[in-house]
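Please read them with the coordinates open.

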Amino acid sequence: MIAETVCSAVSAAGLGIAAITAYRKRFLAAARIAAYSLVPIGLVMTGVVEWLADTAFSPTAWAGFGVLGLAWVLFATTRVVERRRGGTRKERKAARASAQPEAVAPAASAPSLGQGGQGSRPASSRPAAASRGEDDFSDIEAILKKHGI
């Protein structure tokens, strides 16, 4: 009963503020304030406030919320663990079965520096595909394959 009275008072105050705002020629803001102020009285009229009041003082309802919270925590924890491990058991088995025996790229063991030291390799010795921009991600793919991704 007190909750219904408080909601009605809040709605009346909100409608008063909306009327003052409309008087100041701010009609869009007044309409928005009126919409917000009608929500509490609408909740009272639909019975939601009474249901919430009954639920708030029910130990069974609080136990139910606790069980729901525990279920959510377990679900979130399993999702985090699943993401860290790289998927479900079925996905890991499929990945192991399709893994190639040679995980390292063939040219990965070649030295990256030329004979002259740091960066002395001329720009013209780059592969033709890389200069055309067709296969820009080949070295990235090699690194990902090397790590089994």
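1. Secondary structure. The protein has seven helices and zero strands. Along the sequence the pattern reads α-α-α-α-α-α-α. Keep in mind that this is a predicted model.

2. Burial. The protein has 149 residues, and 9% of them count as buried.

3. Contacts. Take the contacts in the protein with a separation of 6 or more. Residues 24 or more positions apart account for 37% of these.

4. Nonpolar patch. Which residues form a nonpolar patch on the surface? They are V39, L43, V48, W51 and L52. Together they have about 450 Å² of accessible area. Two elements each give two or more residues to the patch: α2, spanning 27–46, and α3, spanning 48–56. The largest share comes from α3, with three residues.

5. V48. This member of the patch sits in helix α3. Is V48 buried, exposed or partly exposed? Its relative accessible area is 31%, so V48 is partly exposed. The patch takes residues with over 30% relative accessible area, and V48 has 31%. Check this residue when you go through the patch list.

6. Summary for the file. The predicted model is built from seven helices, with zero strands. Buried residues make up 9% of the protein. The surface includes a nonpolar patch, to which α2 and α3 each give two or more residues.

Definitions and conventions
Residues are numbered from 1 along each chain as its sequence is written. This is a predicted model: local features need pLDDT of at least 70, side-chain atom pairs count only at pLDDT 80 or more; totals for chains, interfaces and linings use all residues. Side-chain values use heavy atoms; hydrogens and water are left out. Patches are made of residues with over 30% relative accessible area and no salt bridge: like charges are joined within 9 Å, nonpolar side chains (Val, Leu, Ile, Met, Phe, Trp, Tyr) within 5 Å. Accessible areas come from the Shrake-Rupley method with a 1.4 Å probe; for residues, only the protein chains shown count as cover. A salt bridge is a side-chain nitrogen of Lys or Arg within 4 Å of a carboxyl oxygen of Asp or Glu. Helices (H or I, at least four residues) and strands (E, at least two) are DSSP runs, numbered from the N terminus. Buried means under 20% relative accessible area, exposed over 50%, partly exposed in between (1.4 Å probe, protein chains only). Contact means heavy atoms within 4.5 Å.
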